[in-house]
Structure formats: C-alpha cells, structure tokens
Amino acid sequence: MAKYTDLATDILDKIGGKENVKSVFHCVTRLRFKLKDESIAKTEEIKKMDGVVTVMQSGGQYQVVIGTHVPEVFAEVLKVGGLSTDDSMDTSDADDGPKGSLFDRFIDMISGIFTPILGVLSATGMIKGFVALFVALKWLDSTSGTYIILQATGDALFYSLPVFLGYTASKKFGGNPFIGMSIGVSMLYPAIAAVMGADMPVLYTLFQGTLLESPIKITFLGIPVIMMSYASSVIPIILAVFVSSKVEKFFTKVIPSVVRNFLVPFCTLLVIVPLTFLVIGPIATWAGMLLGAATGAIYDLSPVVAGLLLGGFWQVFVIFGLHWGLVPIAMNNIASGNGDPILAMTLAASFAQIGAVLAVWMKTKNQKLKTLAIPAFISGIFGVTEPAIYGVTLPLKKPFYASCAAAAIGGGILGFFNTTGYIMGGLGIFAFPSYINPAGLDMGLWGAVIACVVGMILGFVFTYVLGFKDEEFA
C-alpha cells in the first residue's frame, strides 16, 4: 500500500487539495471525484503522472483512470486526505447536472448497476452453459445430485437477480442497499411466485375480451394485483429501487432522528413493495401483452418483417422484461400442436451477441475487457447472454447496436424460412432440436442454422467495422 502513497498525495495536490473534494469513490478502474471546482484541477499534469492512464470529466465527476489496482490507490487517497466514504466500492452517481442524452444516461445507469456483479455474472453463465453441455453429451444425469447442485450454483444469481440488483441499484441511486434487497426478495417470495401457478383460482378477470385481459388471483386492500414473473428480471427492480430511494429520502427528512433507524425502512417498504406489485407489475404485463399482439399481427402480414423487428429488438425487450408477453403466445401455439413461429424469430439474437463479443475480444486493447469477453462468449454460446449484454456490448454501445442489427437480419431469415419451434427446448446451440418438425425435416431447421451463422458473422463484422472506444469501458 505504501508504494501508492506518493501517487495518492500528488493526485490530491493537483486536483486542488482535499478542500476541493466533495466526495470520492471508485469503480473497477477509476477514482471518481466530485470536486467543488473542477477548473482548478491541473488535468494535463495529472494525465502525465506515472500510474495514471488518463483523466475523464463526465457527468459531474472528475475521473482519474488508474487501472485494476485502483482499490489500493483509493485507500491511500482516503488515508492521505483524511477523507471518508461509506464503501470502498460505490456506483453512486447522484448528480443534478446534465449527463448527455437520455439513452446515454440509461446506458450509464445500467452499466453502473451491473459493474459490481459482472465477474459473478460471467462465472455463473459459464457454469450454466457447461452443465447444459454435460447433460447433452450424457456425461451428467439431470436427475443426479451433482446436476442439481451445479445447476443451483449456475442459476442462483440469475434467478435471484432482483435481489442483487436491489443492492447495486440502491448504491447507484443513493438509497439503503438493504431496503433494495428486501424489495428484490419480496418479488421472488415463494408464496408470490406460487400465485402465477395454474392451481391458484382466478377471482375475476380485468378487461375481459380485450388485448389487456388479465386474470386476477389476489388483491391488496381490495385493489387487483396483476402478476408477472420477476425472476431474472431487470427493469422492474431498478424502477422500484429508484422510486424507493426518493421515498426513503422523504421519510428521512420528516421522521425524527431518534426513531429514524427503523421507521424509515418500515415506512419505505410499506409504500414501495405494494406499489411494485400494483403499478410496476401491471405496466410490464400490459406492455408485454401489447407487444405479443402486435408481433402476431405483423407476422400475419409478413413473417420476414416480423423477424426483422423481433430479432432486432429482442435483447431490448428482454432488458425491459417485455418478452414475457410473447412467452404465453409461444406456449399456447406449441400446446395447440402447430408449433410456434414467434419466439423462433429470436434465435439468432444470442449468436449475434457472441459475434459482437468475439469482435470486441479481438479488437480491444483493454485487458479487463478481454478478460470479461471470454466467459461472456462461452456462456453466450449456450444461450446465456446476460454477461455479454451487461458486461460488454451495452456499456460500449456500438457493439450492442451492431448485435441488434445482426439479430434483425437473422430474424428476417428465420421468418423467410418459416422456422417454427415445436417444443420449449434449450437455449443457444441446444435450441436447434426444438426446431425439428416431428413430421420430418424441413427447411425451418436449416433456416435456423443459416440465421444463427449469419447473425454471428454479421455481429462480428458490424462490431469490428463500427469499432468502439476502449476508454469508455472502465
């Protein structure tokens, strides 16, 4: 630690001293200062210092890029400056100034929330992929204890994603992380999840006979609760925690300090958890229903156009949880015995993602990005694309656009060949058996293979040609 003392001292001196520091924290590779006056910082001199990669000023933050040893430098900055922070790693981004376009701010928010869990996200994605591979090769019995334990290891983070994101989103929005985790747990509570089951009686149906027809199985104080599955969801918990952080600040102001420690969480949870089920759930559910109806209508007009649209926007739909509106349609189509062509059009999206990730891995000079790209590529082969999206392509923006464009073309090919899914099968390379027509091989299966190969190649080519900025990833 002592070897970073001089570096920390020089950085503090050149940013205007500790008196000019409002707050400081760090992410994976950067010291992130909020300065009282950025104009007095000697930016060019800091850039030339040994141990400093560069300096970036963005979103009200003065960011000194250090590298992977930033935690050690951060500790010395705190020690030398006599500064304090709540945590040695923070993703807080509370700044009232402009931060670029709305989409840029959204990308920054998602990236900041996912940064702390990227390593585990990639690791569990690889575990899920290899378990699926071992089962497919008959090396592992899906009823064995080994399979169950390994599958639990790989599924733990994905199934409980709202809990993990409840913590990181709270850090990002400046709320209590344990309140955020509690909201996430409530969304996955077994009794809540059981409401989605077929055994739960329907009390009545809202908007019966319309596109927004919704069976009501439970109510809250007489208010109908429209349920959706929150396992592995992203946007619902982030939105809930964002609102929670505002509500928490309100209660912190109005509740006396002597009882604030327990009454603020008490009041916040009593407001936010019901609000999550009463407002966020219906919004996501209805949006998904409308998406499903619109997709079906477009498919009836032109399978190719439907494939282009659904393939191109599939990853975006997944991020917002809108894909759930298509799942019931697909299941109903398969149950009818005719097979489902709707979800089939999304097959190329995961291959477009891994093509983009492969291009990033080959082109980047950022060692941390290379390290993340390898497991993201491996898990993506098996259809687990979260590490690729949240860890690599979305933070870099252009690779994400490239993968969406490639997935759109792949979706158009799937629509052209009328590729149809006959079972709810595996993901990634294990999805192909799902497209084998029980009546005999047809062009639908070959269309699936062609679309995935084309999607992967185009994802690679588009990303390589469009390029990206290594310095945007840290």
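Figure 1. Residues are numbered from 1 along each chain as its sequence is written, and side-chain values use heavy atoms, with hydrogens and water left out. Because the model is predicted, local features need pLDDT of at least 70 and side-chain atom pairs count only at pLDDT 80 or more, whereas totals for chains, interfaces and linings use all residues.

**Figure 2. Domains of the protein chain.** The chain is divided into domain 1 (4–88), domain 2 (115–192 + 227–297) and domain 3 (302–473); the bounds come from an automatic or database domain assignment. Between the C-alpha centres of domain 1 and domain 3 the distance is 40 Å. The C-alpha atoms of the protein chain fill a box of roughly 75 × 55 × 45 Å along the principal axes.

**Figure 3. Threonine 276 in helix H11.** Helix H11 spans residues 257–301; helices (H or I, at least four residues) and strands (E, at least two) are DSSP runs numbered from the N terminus. The relative accessibility of threonine 276 is 2%, so this residue counts as buried. Buried means under 20% relative accessible area, exposed over 50% and partly exposed in between, with a 1.4 Å probe and protein chains only. Leaving aside residues up to four places away in sequence, threonine 276 touches Ile183, Met187, Tyr230, Ala240 and Gly281; a contact means heavy atoms within 4.5 Å. Across the protein chain, buried residues make up 50% of the 474 residues.

**Figure 4. Lysine 138 in the loop between helix H5 and helix H6.** Helix H5 covers 118–136 and helix H6 covers 145–159. Lysine 138 has a phi near 65°, a positive value in a residue other than glycine. Most residues other than glycine have a negative phi. With a relative accessible area of 74%, lysine 138 is exposed.

**Figure 5. Phenylalanine 207 in the loop between strand S5 and strand S6.**
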